[in-house]
Amino acid sequence: MKVVLFCGGYGLRMRAGANDDIPKPMAMVGPRPLIWHVMRYYAHFGHKEFILCLGYGAHHIKEFFLTYEETTSNDFVLRGGRTELLSTDIADWTITFAQTGIESPIGERLRRVRHHLDGDEMFLANYADVLTDAPLPEMIEKFSRRDAGASMMVVPPQSSFHCVELGQDGLVGGITAVSELPLWENGGYFVLRQEIFDHIPENGDLVADGCGQLAKRGRLVAHQHRGFWKPTDTVKERAALDEAYARGDRPWAVWERERTGTGVSA
């Protein structure tokens, strides 16, 4: 199945300063950028055809793949001055680089790459900045059996704040952690059918317009995931993932489990 990745936003909360023009998906987690971790996740499950919706900082993403160095994350033998790889990351990937505009909303970015999907009934989509260990085959299989236009992975609220119940005269009737409320957040992992394009207007949004209209028609389903899921909206969140990677705590690296059985590389 083809995978559409939205990687053209400014990522302002991830910026280190005025001169920092690195797009958020190129923020580093370990020796590789976020977008690589997301793509490696999909490739692990056999989905190796990627369509990158580029925008801000597109040259950084293009340069990364055009000059990709396999030896950074693969074992190899140096023999007679020549490198012999023992394994590869992206040798069997197909990557389409599509400029979808600097200011385009995500729905519009999706509209602009529709012709690259070749009319495929189903395809995958992702924000390219969220890491998870969600069971992708299960997500796809469940959706394929449903008469629906889209599936959205949802996760419990991630906020550490508390909601306060107010009564008369400002008296507090109760305090509840947001994480304990019966609410779910958009997790950023989508399985979509071509029907989604019927509900995204020009310069529209994937969730507010496309998924919103499908929900009104009873054609949007949710895949509830309570496992590992981490966004990277801020420098602090990205740093936390980088630190976790350094100490070998990387449950999102599902491709490493076959080597060690733990999700941690040897």
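**Close-up views of a predicted model**

**View 1. The cysteine pair Cys 53 and Cys 7.** Cys 53 is buried, with a relative accessible area of 0%. The model shown in this and the following views is predicted. Cys 7 is likewise classed as buried, at a relative accessible area of 1%. The number of disulfides in the structure is zero. Cys 7 accordingly takes part in none, and the nearest cysteine sulfur to it, that of Cys 53, is 6.7 Å away. Seen from Cys 53, the closest cysteine sulfur is that of Cys 7, and the separation of 6.7 Å is too far for a bond.

View 2. Ala 128 is located in the loop between strand 8 (122–126) and strand 9 (130–132). The phi angle of Ala 128 is near 65 degrees, a positive value in a residue other than glycine. Is Ala 128 buried or exposed? With a relative accessible area of 0%, Ala 128 is buried.

**View 3. The hairpin of strand 11 and strand 12.** Strand 11 (residues 162–166) and strand 12 (residues 172–177) run antiparallel and are joined by five bridges. His 162 has Ala 177, in strand 12, as its bridge partner. Five residues lie between the two strands of this hairpin, in which Asp 169 adopts a positive phi near 60 degrees.

View 4. The loop between strand 11 and strand 12 contains Asp 169. Its phi, near 60 degrees, is a positive value in a residue other than glycine. Which class of accessibility does Asp 169 fall into? Asp 169 has a relative accessible area of 80% and is therefore exposed, the threshold for that class being over 50%.

View 5. Val 164, Leu 166, Val 172 and Ile 175 make a nonpolar surface patch of about 400 Å². At least two residues of this patch come from each of strand 11 and strand 12, the antiparallel strands that five bridges join. Val 172, one of the patch residues, belongs to strand 12. Its relative accessibility of 48% places Val 172 in the partly exposed class.

Key
Residues are numbered from 1 along each chain as its sequence is written. This is a predicted model: local features need pLDDT of at least 70, side-chain atom pairs count only at pLDDT 80 or more; totals for chains, interfaces and linings use all residues. Side-chain values use heavy atoms; hydrogens and water are left out. Two strands pair if DSSP finds at least two bridges between them. Helices (H or I, at least four residues) and strands (E, at least two) are DSSP runs, numbered from the N terminus. A disulfide is a pair of cysteine sulfur atoms within 2.5 Å. Buried means under 20% relative accessible area, exposed over 50%, partly exposed in between (1.4 Å probe, protein chains only). Patches are made of residues with over 30% relative accessible area and no salt bridge: like charges are joined within 9 Å, nonpolar side chains (Val, Leu, Ile, Met, Phe, Trp, Tyr) within 5 Å. Accessible areas come from the Shrake-Rupley method with a 1.4 Å probe; for residues, only the protein chains shown count as cover. A salt bridge is a side-chain nitrogen of Lys or Arg within 4 Å of a carboxyl oxygen of Asp or Glu.
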